[in-house]
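Q: Can you walk me through this one? I'll ask as we go.

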Amino acid sequence: MELQPKMPKCWSMASKPHKFCPGCGHGLVLKALGQAIDELGIQDRTVFGCDIGCSLLSWDFFDVDTVQAHHGRVTPVMVGIKRANPDLIVIAYMGDGGGYAIGSQHLVNSANRNDRITMVLANNTNYAMTGGQMAPTTMPGQKTETTPFGRDVNEDGYPMKGPEMVAAITHEGAYVARGTVAKLRTLKSYLKKALENQMSGRGFSFVEALSTCPTNWRTNAEQTWKFLEDDMQGFFPPGELKVPPELAAPAGSPPEGMPIRLMGAARSGAVEGSDGQP
Amino acid sequence: MSKPVKIALAGEGGQGVQSVAQILMDAAALEGKEALYIPNFGIEQRGGVSIAFVQIGDEKIGAPKFKTGDIVIALSDRAVRRTRMYVGPQTLFVYDSGIEGVEGDLPTNAKQVLAIPALEIANRKLHPRVFNILIMGAVIGATGVVTLDKAREAIDKRLGYKFEQNPELRELNFRALQEGVNLVAGMGVRS
Amino acid sequence: MSEAIAKPVEGERKVFMTGNEAVCWAALAAGAEIMYGYPITPQNEIMHYWTRNVPRFGKRFLQTEDELSAGFTTIGGVLAGRRAFTATAGPGNVLMQEPLSMAEAMRIPVVVVVQQRGGPSTATVIYSQQEVTLTCFGGNGEGLRIVYSTSSHQELFDYTIKAFNTAWKYRWPTFVLADGYQAKMRESLIIYDPGARGISMVPAEPLVGKPGKIGEDREAVHLRNAYSVEEELEVALARDITEYERVAPEIVESEAFNTEGADLVVIAHGIVFRSAAMAVRDLAAQGKRVGYFRPVTLRPFPQEQLQKAVAGAKMLLVAESAYGQLLKLVKENLYGGTCNLPIETILRPGVGITPEEVTEACSALLDGKGA
């Protein structure tokens with residue numbers, strides 16, 4: 001009897017079991033990504049770039065050439081590679097901070113240039129590795145280490161809706177989608193399209209993946225899924241926002257969105273020390 | 001070791017100061033001389049006085065800028081004030097006599113201060129467009145830094161494409177060059 | 001990448017051009033394939049000339065959204081196996097330390113041309129020698145970099161070509177450090193095809209995306225700059241520092257004149273060296289006991305050569321268009337040799353220094369009146 005789940009072929013066995021926290025969504029996003037790479041047969045010519053933060057832990061995750069870059073700078077490194085050797089398939093992998101805060105100018109400009117790269121952004125509404133500070137995607141009222149009383153939209157604005165912004169500024173040929181680890185097969189199909197879009201040379205591809213962080217959310221398993229499927233999906237509706245005609249989905253696509261529900265258990269007001277890394 | 005001739009040319013944007021500098025450089029190259037040219041650039045250049053620093057000599061030039069020039073030519077009132085700092089006891093300071101209101105601003109420490117009616121002559125005998133070539137002639141006349149022959153060749157090189165469309169322009173430019181030389185010679189200047 | 005349609009420079013010929021243009025032609029002659037850049041005065045023309053030559057010679061270019069991106073995309077270009085370079089100045093150089101730290105840590109052979117301007121902050125767009133510390137030691141590391149300081153257009157051309165070879169041979173970020181005067185002034189130089197002078201170009205090679213099947217022909221490459229514990233970092237740094245120090249003697253370059261028997265040795269770099277050289281040669285021709293020492297590589301610094309050059313001197317004169325950035329390097333590298341020499345200085349941050357000024361200072365020192 002097979003006890004272990006089947007791993008994507010392009011995963012590196014040497015770095016498993018991986019170092020992500022129990023319940024972390026990264027493992028699921030990277031599984032979907034690995035499956036997409038396998039199905040497209042591009043392992044040998046893919047270059048995978050990861051950011052600082054939890055995505056850093058994916059630096060030896062794949063049996064794929066990997067470059068770990070500085071915080072927010074994966075995108076330009078991948079753009080540089082792609083411009084120098086367009087035959088390679090480049091994936092810029094990062095979190096919400098690396099993509100929407102420090103890396104936002106690179107995101108915006110790469111999207112505008114229609115760079116033939118694939119960006120995959122794991123959105124777990126906080127800066128997790130450094131101990132759970134507010135991120136661009138932290139939701140109103142959500143408690144984090146730097147918003148211990150809940151995000152105040154008057155002070156810090158609203159959560160950033162990345163795919164919506166990217167869809168608004170990209171041009172013909174771009175593919176933009178938001179998936180969720182709650183619907184892994186759909187996420188995989190989005191990632192596959194995002195890679196196909198690059199392979200065809202059509203344009204810029206961007207997939208945000210709603211992901212989980214029970215460690216910093218201080219949630220148990222049930223609360224974690226609830227937060228993801230009710231609260232997050234309410235604010236960040238999954239679905240494909242921009243699809244080139246050649247990639248349009250056939251009839252019978254998975255349903256989108258879920259009803260909005262209010263915040264779950266509140267965070268305690270105590271400020272705790274960070275036991276994270278960079 | 002013979003020292004290079006240090007030339008500072010200054011005027012308003014559009015008076016052709018940098019063009020003259022470039023043509024002088026070309027002429028020096030044709031003479032087989034060493035030369036170095038640097039404009040003032042950056043923020044000052046925008047809307048400010050346009051200055052060209054040119055040095056021509058037999059050996060490689062030592063530094064791009066100099067404290068005092070052998071000849072300083074100012075083509076506007078702002079240029080007169082701006083270039084005073086490059087005037088020393090060995091400097092020939094030349095300005096256009098048509099500039100008004102600069103009597104009080106003229107350098108008092110120069111070797112010689114010369115007012116030449118360059119613009120007036122350009123307007124009267126030639127064409128305002130070749131005013132800067134007349135100035136170039138004045139520089140050559142005062143310093144002998146390049147031969148007229150090579151100066152003409154350099155003008156041809158740089159402006160030849162315009163002359164092809166309008167052959168009279170070549171004559172005009174060459175006449176302006178000569179006028180400049182004559183102007184300075186007529187005022188008894190030889191460095 | 002399409003094959004070059006023509007060779008940018010055949011044989012050699014004398015030209016009159018600006019420094020920025022000379023840099024561009026050197027990069028072309030060296031076989032640079034792609035430039036990434038962001039506008040900042042006074043290096044913009046490097047991009048202007050490069051982009052105009054892109055179609056003609058089958059090159060590539062990307063204007064990025066800022067210098068952070070310019071540095072990181074250059075890293076990407078090098079990772080993909082191209083001779084890639086960028087250029088910057090002043091505040092752009094400050095931003096570029098972000099990606100340069102990564103290049104330093106990961107031994108990525110990027111080539112960067114720096115045209116120094118006034119500092120700090122925006123200051124002037126014109127000139128200085130105030131980016132020495134930044135270019136040599138910027139970023140949060142130990143300055144494991146190679147920095148060439150040029151003093152003429154010929155050197156700008158020669159050392160830009162050399163920078164690609166040095167970078168790809170030794171695998172450190174390599175810099176051509178010049179300034180706004182050199183960038184914008186026009187003077188003569190000889191441009192040449194390196195091959196015509198017997199200079200062979202060290203080939204670039206991809207660090208990622210090499211051909212072959214993973215698991216059969218090759219292993220996957222995993223490049224990182226982050227470590228989990230101190231000991232890991234210690235090992236990595238020890239390895240890099242040891243190697244840097246091992247190859248430093250092969251890389252250092254310097255020039256000395258009339259230092260044997262000189263009472264006064266003048267020390268300067270870059271374009272200020274030019275003024276110093278003129279002054280010293282003039283005075284030496286008059287029989288004065290003065291010489292000069294010029295570091296060509298600021299990093300690694302020619303320490304041995306410096307100490308040898310000043311061994312018999314009674315005093316030194318350091319001249320720079322900064323407030324002690326070269327002076328600091330000199331003092332640091334004198335230690336262990338003749339470190340009690342009195343050092344006079346001409347420190348003019350952001351302002352040029354003429355041969356006359358150096359002559360005046362030397363004369364005063366030699367006559368015993370002090371600077």
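A: First a term: two residues are in contact if their C-beta atoms, placed from the backbone, lie within 7 Å. This is a predicted model: local features need pLDDT of at least 70, side-chain atom pairs count only at pLDDT 80 or more, and totals for chains, interfaces and linings use all residues. Residues are numbered from 1 along each chain as its sequence is written, with chains lettered from A and ligands numbered from 1 in the order in which they are written.

Q: OK. What does L24(B) touch, leaving out residues up to four places away in sequence?
A: V54(B), M136(B), V139(B) and V146(B).

Q: And which residues touch the most other members of the largest nonpolar core?
A: L24(B) is one of them, along with V265(C), V266(C) and A276(C). That core has 253 residues. A core here is a set of buried Ala, Val, Leu, Ile, Met, Phe, Trp, Tyr and Cys residues joined through C-beta atoms within 7 Å. Buried means 20 or more other C-beta atoms within 10 Å of the residue's own.

Q: How many residues does each chain put into the A and C contact?
A: Chain C gives 36 and chain A gives 30. On the chain C side, α3(C) gives the most, with nine residues. Helices (H or I, at least four residues) and strands (E, at least two) are DSSP runs, numbered from the N terminus.

Q: Which strands pair across the two chains?
A: β2 of chain A (residues 65-68) and β9(C) pair in the parallel sense over two bridges. Strands count as paired if DSSP finds at least two bridges between them. V67(A) stands opposite L223(C).

Q: What is the strand order in the open sheet of chain C?
A: β10-β12-β11-β14-β15, five strands with mixed pairing. The edges are β10 (254-257) and β15 (343-347), each pairing on one side only.

Q: How do β10(C) and β12(C) run, parallel or antiparallel?
A: Antiparallel, joined by four bridges. A256(C) has F293(C) as its bridge partner in β12(C).

Q: Which helix lies across β10, β11, β12 and β14 of chain C?
A: α9 (residues 270-285) of chain C, running at about 160° to β12(C). Axes are lines fitted to C-alpha atoms, for helices over the stretch in contact, and angles run from 0 to 180 degrees between N-to-C directions.

How values were computed: A residue is buried if 20 or more other C-beta atoms lie within 10 Å of its own, exposed if 12 or fewer, and partly exposed in between; C-beta atoms are placed from the backbone.
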